[in-house]
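Colleague: I would like to learn how to read a model like this one, feature by feature. Could we start with a single residue and work outwards?

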Amino acid sequence: MQNEQELMDELKELYPQHPSKEFKSTTEKMLRMKARDLEKKRKFIRFTTIISSGVFVSIFVFCLLILERDGVNHTFGQSAQTLAKPLVYIYHTHNRESYFPELDVQKEKMTAVSETKNVTLVGKRLSKALNDMQINAIHDNSDIFGVLEKYNKQYTEAYLFSGYYLKKALEDNDSIQMVFDIHRDSSSRSDSTIEINGKSYAKIQFIVSKISINYEQNKQFAVQLHEQLEQRYPGLSRGVIEKGERPANTYNQDLHGNSLLLNIGGAENNLEETYRTADIFAEVIKDTLKKSN
C-alpha cells in the first residue's frame, strides 16, 4: 500500500490532457464573455481555436481566466522588481513541499508539507546566489497550492497554474535563457545526501519530460548540467531522469527550450543541506551561461 508521500509523488506525474465536452463548452462561453468585456478579440480567437482542437489547453485557458481576474497568490522574489533582463527563471509547481527536519511532525504519520518552511526557500537561495554573481534571476514563489485550495482544484492541475505564470514571465522577459521548476522528492536520506569535505549536501536530480516538444534540447541541457556538477563535485548529481509518458506530463517544458524540473534533496534533508547545493548549482549555471554566450 502506498504511503502519503508515495501517493503525492505519483500525483505529481499526472497531467490532465483530455477535458470533457461539457468543460470545453463552458470554458468557451466564459471566453466569449471575457472577450466582450475586455474587447480583446484577437486573444479570444486564438483561445477558442485552441479549444476547438480538443487538447488540454482549454483547461489552461480556464486557469488563465481565474488568475487574470483575481491575480491570486502570485508573488515574485525581489529580483524581479529590481533587475533588468533576467536570464534565469525559478519557480515551484509544488511550492509547499518541505523537509521533515524543518517541521515539528512525526514523519511516519505526516507528509512533509508546509506553508512557510518549504522548497520555495531553496529557490530563494538559488536566486540570491545567482544575483550575487551578477546573474539576473526571477524567483517566482507563488502559492500554487493555495490557488488550488481556493478554487477547489485538483493537485494534478498544479502544472496548469504554474505554467500560466511561466508563460507570462517568458512573454514579458525574452532574455530568459534557463527555466527551473524546483521540487524535492521522497527518497531516503542515504539516497538524497552526500558528504563533501566534511559537510552534508542534498543531492540534485534532473527530470526531463519525454513528451515535450523540447525534449531533445532539454535532455541535452540536463546532461550538460549533470556533467558539470560531476566534474566539480562527483556524486552530488543523481543524474538525468526521463519521465512524462505514463501518465502524460510535459512539466511545462514545452514552453521553453532550456527548461527542467529539479529535485533538490529528499524529505529527510534539511534546508541547510539544500542551500549548500543551491550555491554550488549557481556556480554551474554561471559557467553554463558563459559557455553559451
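Colleague: Where is the place of tyrosine 251?

Modeller: Keep in mind that this is a predicted model. Tyrosine 251 sits in the loop between strand 7 and strand 8. Its phi is positive, about 55°, although the residue is not a glycine.

Colleague: Is tyrosine 251 buried or exposed?

Modeller: Buried means under 20% relative accessible area, and exposed means over 50%. Tyrosine 251 has 4% relative accessibility, so it counts as buried.

Colleague: What else is there to see in the loop between strand 7 and strand 8?

Modeller: Proline 247 lies in that loop as well.

Colleague: Which residue follows helix 6 with a positive phi?

Modeller: That is glutamine 134, with phi near 65°. Glutamine 134 is a residue other than glycine, and it is found in the loop between helix 6 and strand 2. Its relative accessible area is 67%, so glutamine 134 is exposed.

Colleague: Now the secondary structure. How many helices and strands are there in the protein?

Modeller: The protein has eleven helices and eight strands. Of its 293 residues, 52% are buried. For contacts with a separation of 6 or more, 80% are between residues 24 or more positions apart.

Colleague: How do I read a sheet?

Modeller: Strands of a sheet pair through backbone hydrogen bonds, either parallel or antiparallel. Here six strands form an open sheet in the order 2-1-3-8-6-7, and the pairing is mixed. Strand 2 (137–139) and strand 7 are the edge strands, each pairing on one side only. From one strand to the next, the twist averages 25°.

Colleague: Which strands of the sheet run parallel, with six bridges between them?

Modeller: Strand 3 and strand 8 are joined in that way.

Colleague: How should I read a helix, say helix 10?

Modeller: Check the length, then the sides. Helix 10 (residues 215–232) has 18 residues and reaches 26 Å from its first C-alpha to its last, close to the 26 Å expected at 1.5 Å a residue. Its buried residues are Tyr215, Asn218, Phe221, Ala222, Leu225, Gln228 and Leu229. They lie on the same side of helix 10, because they cover an arc of only 165° around the axis.

Colleague: Which exposed residues does the face turned away from the buried side of helix 10 carry?

Modeller: Glu216, Gln220 and Gln231. The buried residues of helix 10 are covered by elements including strand 3 (178–185), strand 6 (204–209), strand 7 (237–243), strand 8 (259–266) and helix 11.

Colleague: Last, the interior. What is the general idea?

Modeller: In soluble globular proteins, nonpolar side chains tend to be buried together. In this model the largest nonpolar core has 38 residues, and those with the most contacts inside it are Val88, Phe180 and Phe281. Helix 11 (residues 271–292) gives the largest share of this core, nine residues.

Colleague: Which residues does phenylalanine 180 touch, leaving out those up to four places away in sequence?

Modeller: Phenylalanine 180 touches Val88, Tyr89, Ile90, Tyr91, Phe221, Leu225, Leu260, Leu262, Phe281 and Ile285. There is also a second, separate core of 16 residues, with Ile144, Leu148, Phe161 and Leu166 among them.

Definitions and conventions: Residues numbered from 1 in each chain as written. Predicted model: local features only at pLDDT ≥ 70, side-chain atom pairs only at ≥ 80, totals over all residues. Heavy atoms only, no water. Core = buried A, V, L, I, M, F, W, Y, C linked by side-chain atoms within 4.5 Å. Buried < 20%, exposed > 50% of the residue type's maximum accessible area, 1.4 Å probe, protein only. Helix = DSSP H or I, 4+ residues; strand = E, 2+ residues; numbered from the N terminus. Contact = heavy atoms within 4.5 Å. Expected span 1.5 Å × (residues − 1). Arc of directions from axis to C-beta. Pairing = 2+ DSSP bridges. Axes fitted to C-alpha atoms, helices over the stretch in contact; angles between N-to-C directions.
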